[in-house]
Amino acid sequence: MSMVPCRVVILGGKGTAVNIAEQIDHAYRNYQYPMTVEGFGIDDPGLGNSIAGFPVICGLHDAWPKYRDTQVQFIFALYKPDVMERRVALLRQLGIPTERYANFIHPTAYRSGSAIFGHGNVILSNASLQHNVRLGNHNIVNSNVVIEHEATLSNSVFIAAAACIGARVAIGDGSFVGLSATVREDVSIGAYSFVGMASAVLHDVAPRNTVYGLPASTKS
Ligand SMILES: CC(C)(COP(=O)(O)OP(=O)(O)OC[C@H]1O[C@@H](n2cnc3c(N)ncnc32)[C@H](O)[C@@H]1OP(=O)(O)O)[C@@H](O)C(=O)NCCC(=O)NCCS
């Protein structure tokens with residue numbers, strides 16, 4: 001391997017955070033992807049000092065003081081559908097400069113050369129990001145997701161596995177799109193919205209709304 005791998009601390013330690021650690025390790029071992037997992041930063045003592053074979057190396061708020069003066073980079077992976085706004089607030093409280101967050105794109109994912117990324121984005125196996133897709137910072141795109149041409153994810157958007165985001169769709173900060181949901185082209189999804197699994201979203205979704213079903217509608 002010619003490049004020195006980037007070492008990353010994953011902030012989180014459950015669910016998708018573990019998937020991300022395993023996919024980074026898989027990419028490093030099988031595709032010489034230049035990234036290794038330093039360990040998890042998480043506050044839950046119940047998780048012990050190792051998760052899926054990766055060490056728990058610090059608490060959430062210790063991560064920046066501990067690694068500030070190193071080359072280590074970070075990935076924020078603490079999203080949960082019902083608490084997105086709180087988790088985005090937590091991300092800000094950690095005080096880690098945006099440019100210290102790494103992008104990870106699994107080598108089996110497709111990213112158009114015209115797709116533009118900020119920092120801290122994660123694209124898992126077999127996802128496809130088509131022409132002129134735009135991602136801000138801290139977005140998580142799970143396995144087998146398709147993001148069609150000119151769609152945009154703002155910041156801290158979580159797209160669960162196998163969702164399909166149509167052309168020119170715009171998804172606002174902190175939104176969560178459930179497993180296998182489909183969003184029609186040109187639709188806008190407002191900030192901190194929640195799209196239920198397997199939904200077909202045909203119309204714009206106002207900020208902080210939950211929609212689901214076929215076709216998706218707002219539920220009280
Ligand atoms: C939309 C959602 C939040 C609703 O959860 P909930 O509030 O616990 O709702 P319930 O399971 O009690 O279901 C309430 C009703 O909505 C229906 N429903 C629930 N989710 C639905 C969905 N995604 N599409 C269509 N109908 C749905 C149920 O059948 C039920 O209908 P009924 O009252 O006629 O029996 C949830 O089903 C969902 O889609 N979560 C996302 C899961 C996901 O993608 N996780 C990612 C993991 S990485």
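In this predicted model, the shell around the ligand holds six nonpolar residues, three polar residues and no charged ones. Its members are Ala160, Phe176, Gly178, Leu179, Phe194, Gly196, Met197, Tyr212 and Gly213. A polar backbone atom of Met197 is 2.7 Å from a nitrogen atom of the ligand.

The largest nonpolar core contains 76 residues. Leu11, Phe74 and Ile159 touch the most other members. Helix H1, residues 16–31, gives the most to this core, with six residues. Nonpolar side chains tend to be buried together in soluble globular proteins.

Ala127 sits in the loop between strand E8 (122–123) and strand E9 (128–129). Ala127 counts as buried because its relative accessibility is 0%, below the 20% cut-off. Beyond its neighbours within four places in sequence, Ala127 contacts Ala109, Tyr110, Val141, Asn142, Asn144 and Val145. Val145 is 18 residues from Ala127 in sequence, yet their C-alpha atoms are 4.7 Å apart.

Two other loop alanines have a positive phi. Ala52 lies between strand E3 (50–51) and strand E4 (54–58). Its phi is near 50 degrees, a positive value in a residue other than glycine. With a relative accessible area of 46%, Ala52 is partly exposed. Ala198 is placed in the loop between strand E20 (194–195) and strand E21 (200–201). Phi of Ala198 is near 60 degrees, again positive in a non-glycine residue. Ala198 also counts as partly exposed, at 49% relative accessibility.

A cis peptide bond joins Leu214 and Pro215, with omega about 0 degrees. Pro215 belongs to the loop between strand E22 (210–212) and strand E23 (217–218).

Note on methods
Residues are numbered from 1 along each chain as its sequence is written. This is a predicted model: local features need pLDDT of at least 70, side-chain atom pairs count only at pLDDT 80 or more; totals for chains, interfaces and linings use all residues. Side-chain values use heavy atoms; hydrogens and water are left out. Helices (H or I, at least four residues) and strands (E, at least two) are DSSP runs, numbered from the N terminus. Buried means under 20% relative accessible area, exposed over 50%, partly exposed in between (1.4 Å probe, protein chains only). Contact means heavy atoms within 4.5 Å. A nonpolar core is a set of buried Ala, Val, Leu, Ile, Met, Phe, Trp, Tyr and Cys residues joined through side-chain atoms within 4.5 Å. A residue is near a molecule or strand if one of its heavy atoms lies within 4 Å of it. A polar contact is a pair of N or O atoms within 3.5 Å; within protein, one must be able to donate a hydrogen and the other to accept it, and residues adjacent in sequence count only if both atoms are side-chain atoms. Ala, Val, Leu, Ile, Met, Phe, Trp, Tyr, Cys and Pro count as nonpolar, Asp, Glu, Lys and Arg as charged, and the others, Gly among them, as polar.
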